[in-house]
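Colleague: I am new to reading models of proteins, and I would like to go through one slowly with you. Could you give me the general idea of each feature before the case itself?

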Amino acid sequence: MIEAYQRVMNVESPPAPKTPKGFFTDTSLCIGCKACEVACKQWNQLPADGYRLSGDSYDNTGRFSATTWRHVEFVEQAKANSRRDGQRWLMMSDVCKHCANAACLEACPTGSLIRTEYGTVYVQQDICNGCGFCVPACPFGVIDRAPKHGTFEPGTAHKCTLCYDRLRDDMTPACAKACPTASIQFGDVEELQARARRRLGELRTRGESRAQLYGMPENEEAREVGPLHAFFLLLDKPAVYNLPEVPRLPRKSMAQRYAWSGAVAIGAAVLSALVFGRRG
Amino acid sequence: MAEANLSPSPSGGYYNYPVIRRPVWTWEIPVYFWLGGIAGGAYLTSSAAGLFGDDDDRRATGGGFYIAAGALLPCAPLLIADLGRPDRFHFMLRIFKPLSPMNLGAWTLAGFTPMAVARAMAQAGGEARLPMLLSLLSRLVPSRLLELSGSVFGLVLAGYTGVLLGATNVPLWAKSKLLPGLFTASAVSAGAAAVSWSAERSASDRTLAKLATVETAGTLGELGLAFGYIRQSGRAARPLMARPYALPFWGGAVGLGGIVPLVLRLAARGGSNRTKRRLGTVAAACTIIGSLALRWSIFEAGKKSSEDQQASMEMATPKE
């Protein structure tokens with residue numbers, strides 16, 4: 001019976017899990033060339049976003065969208081009337097973090113958002129019905145719904161796939177492949193984490209006192225969303241890069257919210273029963 | 001060298017870019033929240049009257065079942081219209097995933113709508129308003145069972161919407177955990193108000209007084225929870241304090257939907273039965289409109305608060 005159903009419905013068993021893959025983005029190596037943004041757009045056939053000049057340093061991308069899955073930030077840390085050594089120009093190629101506990105995946109009501117065999121978070125375009133719940137659920141502002149009346153995949157949610165199609169053919173994701181300075185490094189998450197720790201030690205000895213890792217299992221930011229499969233070496237506090245200190249996972253407070261609704265509901269039911277049941 | 005603010009934004013973030021993305025939902029959603037709340041509240045009120053009340057109560061409050069069914073019918077179309085791919089609406093029910101409040105809500109709506117329609121059919125059959133065949137069919141409806149189970153579904157439908165908004169990272173929706181309670185209380189008062197509005201001509205004074213008690217209790221709870229919600233939200237509630245959302249929230253939801261009905265009910269106390277009825281109808285209408293203002297203003301102001309970089313950052317700071 002079940003077998004017949006699976007044959008008719010074309011149900012396939014999910015592929016066997018593989019070693020988790022991810023990105024280690026070392027922002028100390030980023031030169032802001034945006035080759036990753038371009039490579040991502042090209043490989044994933046994402047349309048251009050226009051020619052708006054933001055005035056925010058060299059960042060004319062601004063933020064993620066349904067058609068922008070890599071985003072290079074330019075942080076100009078300049079102080080007027082000060083010596084040159086107080087000034088820095090930080091660059092960082094931001095991307096979907098592929099959280100271990102992904103808010104978007106948990107919010108998704110259709111099961112379109114899944115965890116792949118590589119441990120990454122992926123939107124199945126043929127399942128997404130564009131409910132939009134993942135959009136405000138993501139604590140990093142990554143995933144977005146394409147405009148309903150646009151030309152690019154109208155009405156469904158989009159974000160970095162970690163080049164799932166390339167992974168299946170043992171290829172490196174487009175952005176990491178294009179990065180000329182190895183700021184974006186792709187590989188097995190565990191190995192990347194070891195590499196990141198070594199690199200942090202190196203930079204600390206060189207006097208980069210504010211350097212820190214973001215998204216490692218032992219870090220504060222992994223408290224709710226878990227370790228990030230795409231994690232970062234930052235040269236300043238996370239907030240400077242618009243990264244939340246402790247990204248929230250909505251599930252963590254959901255029981256308390258249901259409890260409030262339940263308490264009021266039970267109160268209302270008891271009260272109305274008493275009011276109508278009163279004789280006399 | 002003192003630690004100066006070296007960031008390009010006064011708040012310490014990245015220019016003025018918001019941390020999270022703005023919700024893409026439009027007006028269909030708060031209207032659905034409002035109708036679903038009224039349906040749940042009206043169904044609960046009429047069921048309580050049917051299960052625990054006397055014959056007078058039962059006869060007069062049957063209209064609540066029509067209201068519940070009528071309010072529920074546009075709900076699914078509204079939700080479908082808001083989807084990015086309306087043609088795939090039924091994918092909502094391809095899995096059962098209560099972890100996602102939206103999936104839970106879709107199942108609740110899918111369960112509650114036929115219950116409310118069946119119960120309304122039974123009501124119409126009982127009042128001899130149906131043609132022969134349907135009337136016979138309506139006798140098969142297990143009314144008592146539906147009143148019990150439908151009340152549970154209705155209350156879930158009234159409250160899960162607050163959980164759904166809270167299950168995001170939008171500061172105004174998620175900072176305080178009281179929003180689901182607030183929506184439930186508002187649904188009870190608006191539902192009871194809708195029943196008393198429909199029963200205004202036929203009900204006895206005693207039944208109307210009972211309905212007013214339920215409505216007033218809901219309104220009191222709503223007001224208390226609304227103030228707690230604003231207090232807990234702190235900076236996240238700023239969009240509700242300024243134009244254009246201050247007027248619909250404070251004037252519409254709190255004033256017209258909360259304080260005005262309370263004052264009217266209080267003023268009607270000493271008056272004649274006719275004044276009581278008149279003022280009660282006005283109070284009920286105010287409560288129903290206020291319930292829409294509550295959901296609309298919190299929904300729209302939440303979109304605005306999603307652009308508040310600093311509120312997002314504050315919400316994501318570690319708690320001591």
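Modeller: Helices (H or I, at least four residues) and strands (E, at least two) are DSSP runs, numbered from the N terminus. Here α1(B) passes α9(B) in a right-handed crossing. This is a predicted model, in which local features need pLDDT of at least 70 and side-chain atom pairs count only at pLDDT 80 or more, while totals for chains, interfaces and linings use all residues. Residues are numbered from 1 along each chain as its sequence is written, and chains are lettered from A in the order in which they are written.

Colleague: At what angle do helix α1 and helix α9 of chain B pack?

Modeller: Axes are lines fitted to C-alpha atoms, for helices over the stretch in contact, and angles run from 0 to 180 degrees between N-to-C directions. Helix α1 (residues 28-52) and helix α9 (residues 179-198) of chain B pack at about 65°, and their axes are 7 Å apart. Two residues are in contact if their C-beta atoms, placed from the backbone, lie within 7 Å; among those making this contact are Gly37(B) and Ile38(B) of α1(B), with Phe183(B) and Ala187(B) of α9(B).

Colleague: Which classes of residue does the contact of α1(B) with α9(B) have?

Modeller: Ala, Val, Leu, Ile, Met, Phe, Trp, Tyr, Cys and Pro count as nonpolar, Asp, Glu, Lys and Arg as charged, and the others, Gly among them, as polar. By that scheme, the contact has 10 nonpolar, 7 polar and no charged residues.

Colleague: How many residues of chain A are in contact with chain B?

Modeller: On chain A there are 62, and they are in contact with 71 residues of chain B. The element that gives the most to this side of chain A is α9(A), with 17 residues, and by class the side has 31 nonpolar, 17 polar and 14 charged residues.

Colleague: Which residues of helix α2 of chain A are buried?

Modeller: A residue is buried if 20 or more other C-beta atoms lie within 10 Å of its own, exposed if 12 or fewer, and partly exposed in between, with C-beta atoms placed from the backbone. In α2(A), residues 35-44, the buried ones are Ala35(A), Cys36(A), Glu37(A), Ala39(A) and Cys40(A). Their cover includes β2, β3 (88-95), α6 (174-178) and β8 (184-188) of chain A.

Terms used: Left-handed = near helix turned anticlockwise from the far one by under 90°.
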